[in-house]
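Hi,

Here is the structure I promised to pass on.

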Amino acid sequence: MGDLAPKTDAVDMIIAGREITASGWSQTARHEALSRLRAMGLPDRRDEYWKFTRPDTLTQAVAPEAAVFDNDEAPLFDGLDRLKIVFVDGVFDVGASDDLTLEGVTIERLATSTSDLHWARDIYGVLETNGQTPVQRPLAALNTACATDGILIHVTGKASKPISLVYIHKSETSDAILHHCIKLDAGADLTVLENGPAAARFNKVMEVDIADGAAFHHVRAQGRDHERRAATHLFARLGTESHFNSFTLSVNGVLTRNEAVVELNGNDAKATVAGACLGDGNFHHDDTVFITHDAVNCQSRQVFKKVLRNGAVGVFQGKILVKEGAQKTDGYQISQSLLLDGDSQFLAKPELEIYADDVICSHGSTSGAIDEDALFYLRARGISEGEATDLLTLSFLAEAVDEIEDEKLKEEILTRLTSWLARRR
Amino acid sequence: MLSIKNLNVKLEEEDKQILKGVNLEIEPGSVHAIMGPNGSGKSTLSYVLSGKDGYEVTEGSATLEGTDLLDMEPEERAAAGLFLAFQYPVEIPGVGNMTFLRTAVNAQRKARGEDEMSAAEFLKLVRAKAKDLKIDADMLKRPVNMGFSGGEKKRNEILQMAMLEPKMCILDETDSGLDVDAMKLVSEGVNALRSEGRSFLVITHYQRLLDHIKPDVVHIMADGRIVKSGGPELALEVENNGYADILAEVA
């Protein structure tokens with residue numbers, strides 16, 4: 001393990017000045033998280049799990065400044081019927097948000113929830129704790145300890161519209177920590193949308209507890225704010241015959257680490273984690289996924305596509321762990337990069353660890369350039385080199401976007417991708 | 001229409017001369033055929049004319065209606081009215097055939113300073129042309145050439161030609177991989193496009209295709225040159241006697 005002292009010193013520095021002893025139902029969980037964090041220390045470059053991504057700027061006491069990107073586009077998801085909840089630099093914006101009322105759903109803010117016997121006690125920091133083994137995730141523990149706000153969503157039926165979390169970045173020095181808990185009762189159904197750069201530095205945890213037969217759909221877009229940094233964790237626990245589908249679109253951003261930790265605990269559950277990313281220049285994007293099969297006849301899919309150019313770096317660390325007894329597991333994992341020039345890099349670490357003997361698991365990882373024959377074919381039909389490259393790029397990413405189940409949302413993402421590609425030509 | 005003068009071409013990667021002084025004049029509205037044994041440079045000629053990378057023109061010129069082709073990007077050549085029906089049409093996963101066709105039609109229109117075709121107008125046109133070539137709705141919806149049979153790929157090439165309405169069409173071994181029925185269908189598609197303002201250069205190994213697409217002039221190509229030109233009877237001579245006789249005669 002080596003010397004922990006520098007790592008724990010870093011913990012002291014980053015938590016200094018942050019409110020941890022907030023009263024209320026989450027107090028115990030926060031103190032436990034702090035103890036976990038002190039025991040682990042913050043990640044540094046010697047950690048195997050951070051081999052491809054330097055955590056320094058995520059763990060240093062003060063967030064590096066990030067200029068605010070002046071976005072002239074209509075925000076994503078604007079035209080959709082949704083319940084909108086807005087955070088500006090991590091601070092809830094009551095004026096810009098809709099009423100937190102939706103039939104079949106209770107929605108509260110973490111910062112103002114007071115009940116001592118709150119339902120979220122069984123989730124807050126609990127899924128995160130489960131996700132700390134076998135691999136440590138100190139930034140998630142930091143989040144549980146120090147989160148200033150977040151949304152608590154309890155779904156009892158089928159939500160009539162998506163809940164849309166909008167993260168606006170206005171301050172060059174903002175350092176936001178948000179923690180969301182989502183509980184879906186048996187048979188419930190909810191779509192959560194997330195978009196926006198959030199802050200100069202953003203640490204976000206979302207814990208999702210999906211009961212038997214429930215379904216959770218998640219579409220997230222991390223937009224074109226170039227200098228932002230983000231470390232996010234998505235923890236999900238799936239009951240029998242439940243369903244989990246998460247898709248992330250990332251464009252630019254100097255550093256993004258998205259971790260998804262999914263546990264299939266009930267039989268016949270299905271989980272999909274997918275992502276499409278478009279990186280340019282000093283862009284570093286890391287998808288780290290850990291899927292645990294701990295029940296019979298479950299399916300999981302990981303589909304990640306990255307388009308990189310001008311020295312952009314893409315990272316994929318994906319693991320499928322099939323525990324003893326998790327028979328009839330069907331696990332699939334693919335990670336692919338399209339390198340538009342010789343300067344860009346894709347670093348992939350696909351892993352399978354299987355302790356059951358009746359399973360199907362496959363994984364693949366590829367890196368490639370634009371297909372010259374296809375490019376010539378399109379150009380020979382009169383399509384310009386730029387437009388032909390865009391068309392082939394979009395077709396490459398479409399396989400990941402295709403994992404989104406809702407046609408409207410899929411269309412929304414594809415339309416946005418097309419316009420992003422066209423504007424950078 | 002197409003004027004090729006003393007065209008000399010070598011491979012960029014290796015010092016290998018492929019075309020050694022090709023001369024060819026194709027008048028508006030005429031159909032020329034080039035026949036020749038394997039490795040004579042027929043496909044290279046079609047690639048050089050359409051602008052594929054990997055070839056270096058060491059001497060000579062190629063013009064389309066007086067405009068220098070060799071200086072243009074492939075997409076500019078297409079917009080100028082040149083079309084190559086590929087010997088091996090490329091499969092492009094993830095790009096729908098319709099999207100591809102519409103992008104191509106509108107890109108060419110835009111390049112020529114014309115208005116883009118509306119979605120409704122395009123749909124109507126593509127459906128009519130597809131029907132003639134027995135291309136069903138499913139083939140239009142599928143990604144470009146993905147899972148198409150050899151015949152379907154060639155029919156799709158002709159559909160693109162019909163949609164793009166080029167002036168100069170080069171057909172590179174369009175008959176390869178076609179059964180008799182498919183060859184008939186493809187030839188009918190080509191013949192329907194024959195007009196006063198449109199010329200064709202049909203590259204083929206066999207006389208068979210020329211039974212359906214009747215050429216005005218037939219050229220025999222060997223070792224990077226056109227060694228003999230004549231009327232349709234020249235194709236029959238090849239069919240009956242093979243290339244050896246003709247090559248011996250001109251040697």
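**What I found**

Leaving out residues up to four places away in sequence, A:R220 touches A:E194, A:N195 and A:T248, where a contact means that the C-beta atoms of two residues, placed from the backbone, lie within 7 Å. Before I go on, the housekeeping: this is a predicted model, in which local features need pLDDT of at least 70 and side-chain atom pairs count only at pLDDT 80 or more, while totals for chains, interfaces and linings use all residues. Residues are numbered from 1 along each chain as its sequence is written, and chains are lettered from A and ligands numbered from 1 in the order in which they are written.

Back to A:R220, which is found in strand β10 (residues 215-222) of chain A. Helices (H or I, at least four residues) and strands (E, at least two) are DSSP runs numbered from the N terminus. A:R220 counts as buried because it has 22 C-beta neighbours inside 10 Å; the cut-offs are 20 or more other C-beta atoms within 10 Å for buried, 12 or fewer for exposed, and partly exposed in between, again with C-beta atoms placed from the backbone. Its C-alpha atom is separated by 12 Å from that of A:C277, 57 residues apart along the chain.

**Buried pieces of chain A**

Strand β17 (residues 313-322) of chain A has nine of its ten residues buried, so it is largely enclosed by the rest of the structure. β17(A) runs parallel to strand β15 (residues 284-293) of chain A, joined to it by ten bridges, and A:H285 has A:G314 of β17(A) as its bridge partner. Ten bridges also join β17(A) to strand β19 (residues 345-354) of chain A, and these two run parallel as well. There, A:K319 has A:E351 in β19(A) as its bridge partner. For pairing, DSSP has to find at least two bridges between two strands.

Helix α5 (residues 138-146) of chain A has nine of nine residues buried, so this helix too is largely enclosed by the rest of the structure. Among those buried are A:P138, A:N143 and A:C146.

**Helix packing in chain A**

α7(A) and helix α8 (residues 407-423) of chain A pack with their axes 11 Å apart, at an angle of about 150°. Axes here are lines fitted to C-alpha atoms, for helices over the stretch in contact, and angles run from 0 to 180 degrees between N-to-C directions. The two helices, α7(A) and α8(A), are therefore roughly antiparallel to each other; angles over 145 degrees get that label, under 35 is roughly parallel, 65 to 115 is roughly perpendicular, and the rest are oblique. Residues making the contact include A:L394 and A:L397 of α7(A) and A:L414 and A:L417 of α8(A). By class, this contact has eight nonpolar, two polar and two charged residues, with Ala, Val, Leu, Ile, Met, Phe, Trp, Tyr, Cys and Pro as nonpolar, Asp, Glu, Lys and Arg as charged, and the others, Gly among them, as polar.

The axes of α6(A) and α7(A) come within 9 Å and cross at roughly 130°. That makes α6(A) oblique to α7(A). On the α6(A) side the contact includes A:L375 and A:L378, and on the α7(A) side A:L391 and A:L392. Its residues divide into six nonpolar, one polar and two charged.

**Where the chains meet**

How many residues does each chain bring to the contact? Chain A gives 17 residues and chain B gives 21 residues. On the side of chain A that touches chain B, the elements giving two or more residues are α6 (372-379) and α7 (385-401). The largest share of that side, seven residues, comes from α7(A). By class, that side has eight nonpolar, three polar and six charged residues.

**Chain B**

Chain B has an open sheet of four strands in the order β2-β1-β4-β5, with antiparallel pairing. Its edge strands are β2 (17-26) and β5 (67-68), each pairing on one side only. Strands β1 (residues 2-11) and β4 (residues 55-64) of chain B pair over eight bridges in the antiparallel sense, and B:L2 stands opposite B:L64 in β4(B). Helix α1 (residues 42-50) of chain B packs on the sheet and touches β1, β2 and β4 of chain B.

Cheers
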